[in-house]
Amino acid sequence: MGFDRVLTRNVGKPDSRKIDTYLAGGGYSAARKAVTSTPDEVVKIVSDSGLRGRGGAGFPTGKKWSFIPKNDTGQKFLCCNADESEPGTFKDRVLLEHDPHLLIDGMIVSAYAIQATRAFIYIRGEMHAAAKILEGAVAEAYARGFLGKKIFGSAFDLDITVYRGAGAYICGEETGLIESLEGKRGWPRIKPPFPAIKGLFGRPTVVNNVETLCCVPPILERGASWFASIGTPNNTGPKLYCVSGHVNRPGVYELPLGTPMMELLDQYAGGIWKGRTLKAVIPGGSSAAVLTAPECQALPLDFDSCGKAHTMLGSAGVIVMDDHTCMVDAALNVMRFYAHESCGQCTPCREGTTWVAKILNRDVHGQGLETDPDLLLDVCRNIEGRAICPLADGAVAPVASIIRKFRSEFDHHVKHKSCDLGKAAVA
Amino acid sequence: MKIDGRDVAVDKGMTVMDGCRKLGIYVPHFCYHPALSIAGSCRLCMVEVKGFPKPMISCNTPADAKYEVFTGSEMVVQARKAMMEFFLLNHPLDCPVCDQAGECDLQDFSFRYGRGFSRYDEGKEPRAKKDVGRDILLYTQRCVLCTRCTRFLDEVSGTNELTVANRGFHSEIVNAPGKRADNLMAGNITDICPVGALESKDFLFKSRVWYLHSTPSVCTHCPAGCNIKIQTKGNRILRIKPRTNLDVNGYFMCDIGRFGYKFVNDSKRLTGASRRVGAASANGVPARSMISIGDAIETVAESLASAAAAGSVAAIASPWMTNEEAYLLARIFKDCLRSSRVAMLEKNDRATDVRFKKGFTVYADAAPNARGVEDVLTAVLGGPLPTDAEVLADAQSGRLKALLFVNSNPDAAGTRVDVTALRAIPFLAVVDLFAGPIAALSHVLLPAASAAEKIGTFTNVEGHVQRLAHAVESPGQAHPEWKLLVEIYRRLGGNLAICDRPADTFAHLATQVPSYSGLTHDALGDGGRRVAAPPSPAPAGV
């Protein structure tokens, strides 16, 4: 386990959340460096590093920043997406609770890069502790003059506000987040226009994930080529992997992008629990398609490799299921979440997710029909790609892949009116 | 841009939906409405754009000259069919008892684009019927959540009485806390609701819509001149709907106009002519007896003529009269009575104009045609016209021997005039809809027709001349004012060439009133024509 931790370097240190701890490790030098460079130089360093968004989509961060109109001299906004609510994902919370100044440092750099003088941290409502810690950290930064007017003696002003959501999953979708931040229902917007052109309060806005922003200070401190040397080509840098489910040591592990799945599970997460064998893994938070155990064997965990395996790295929420897992029940579990969290704005998601959950429910309870798997796949096809935001696609991907890859379990449920597996494994 | 093989020019800001509309290609949709912002949520208006793997919603896809669009390809047909299945999952399928049946987009789209049977086996979840406003019921379970109503109340009326509550499958339209949809434009949400969710209490269970006969006309309850459809069954008006006219009212109308039709059906309407029997006591109402219309007109013509000979005849013209009627009245005075003492009935104002967020205005003036009547009288008789107060002062002082008072106010008690002055007139002829206080004092009373019962034109506050249409027959012996005036004119020896029909009268009027020059009823069409520049700033239309 020779990897030198970057993002979690301060985690575990006493008082890791205090500004002095952060400064003692060379903190805020990135922000200092940024405000003495030009915005274009900052964008270029981050672009050169190959940093891709850690929120789920893996979109190149430098490119996202470059969409902000340069000739627009009006107000621009930076939003930090701290609405971490993807099932199986708990990496941002570690950063928020243990090293909030890393995030603030990254936000200063990023805000400077897009010339936003106003930034918000939209934090999930349930994260009481993290919100308190963040508010304290922001106050510390203000007290030192790192935030506010003319920061670090430059001509750049930046204000950061911590805004607490109310716990809706959909507010983690960037335009849902923006609507919520404006005080409205968290209904995602139709695109175009994209937030870079018309975002928060109708102004150019960038929304970046916590982990993405936390990658930025090390890039400025140690250089783009250092960052690019970590990981695999086109999938650079360190990554926080969240391992949950049927393993001996669930938790957050920082490793280079492209770390093989089995290395993560066996060497870091302590292998499958209770001496059982691996059945399936959802690699990128519950919105990703499921992988069977054989598919996991040689899979490097990075954006492109997961894409090639017809799933996604997503938020790197690695959900592990052992051989005692009923996959029909797993599908229901996932779909129930999406049906509950669907915002209800657009038709296919509002109606479709609930319908699929209802069918899965009857299947789990031995009341399914032989035709159900095909019906489910067809309804999934009718939802996928037809909705306003990616929630619907995220709801469909795991369920459709479970049906395709574990169809025999559905057939067993229909035929025997029950599951052939121990229920206890799920409970 | 190419749509279904046809070329359409791409303008800046245009969407694929705009292109389809330009070509007359219908793309089914629920949430899209030309007067509202784009919601993009119903996902029904999907089209295929060559090169894109997924169907695109046409309402929010910017048009591009490079696009090749298909509105009926296999991908589109499949996507629509799937979406229609979703819309009907929890829909109660209660068309047999739903007022919307027959004019329901959900019904039409299901028939045209749906799959005919549902694969949904689970139970439907009932949703309550809600009373959301003075005239509005929300059958929640029929709702497709297109949010046209909430966007209308947010963007057009600016009153925000309805909103969406709950999430996902449980989403539903509800009243905003403490608010009911009672604003003066609220009725429009029952029109723009594409399904049977928002229903008018007034029309509830009155008729299946396919039995209704629809007549295009103009609203008569303020000078905005909103274009309407008068919908009738037999000889009764059952409801009024707005008719789209982008130069006048846009897509909407107000509730005063929408429910103002009731006076037309009122059983207390005047149905015959009458004359006064004996004198009135100081405050009492004289007794009356019915006479024939012919006798009444004869008496009026003779009395006006003899008073004219003495140089003391006058008329008060109603702003509910059509331009043609005002013209006939003016010609009677100019040609036959040699008088120019025709006053406009003073405006019968409600409190104030009500102006909504997006500009739609309900005017304080309750009458539709003050501007047109004034245009016509002034052009024929020369201005300035005497005021009704001046005419009544003449009456009070005994100088006036005969007065022809066209009231025709749909509000029986709505005209405010000095009744003691009316009592002093030796001969008072009144044309009216109801036996109100003015009619009660008349020596001869002629029953008038409502605007729904006659042909003619009104000129709205901005100078837009528009046609009324004959939607129902008048009750009993009631006659349109133009017919009564024509008869008076005929008996007084007027120019009969202008008398045959309102269209002829209007053509003649157009030769006399400069700004109406060249206009004919046919030229006005259903949309009307503007005879003057709109007052600045912006017009009332939405």
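Let's start with a charge over a ring: Arg239(B) lies over the face of Phe203(B), at 4.4 Å from the ring centre. That label needs NZ of Lys or CZ of Arg within 6 Å of the ring centre and within 35 degrees of the ring normal. This is a predicted model, where local features need pLDDT of at least 70, side-chain atom pairs count only at pLDDT 80 or more, and totals for chains, interfaces and linings use all residues. Residues are numbered from 1 along each chain as its sequence is written, chains are lettered from A and ligands numbered from 1 in the order written, and side-chain values use heavy atoms, leaving out hydrogens and water.

**Charges and rings**
- Over in Arg115(B), the charged end sits over the ring of Phe117(B), 5.1 Å from its centre.

**Aromatic pairs**
- Searching the whole structure turns up 24 aromatic pairs over all chains.
- Rings of Phe, Tyr and Trp (its six-membered ring) pair if their centres lie within 6.5 Å; planes under 30 degrees apart are stacked, over 60 edge-to-face, and the rest tilted.
- Tyr122(A) and Tyr163(A) have ring centres 5.7 Å apart and planes at 25 degrees, so they count as stacked.
- One aromatic cluster is formed by Tyr26(B), Phe30(B), Phe87(B), Phe109(B) and Tyr113(B).

**Domains**
- Chain B has domain 1 (2-88) and domain 2 (273-279 + 287-530), with bounds from an automatic or database domain assignment.
- Taken over C-alpha atoms, the centres of domain 1 of chain B and domain 2 of chain B are 52 Å apart.
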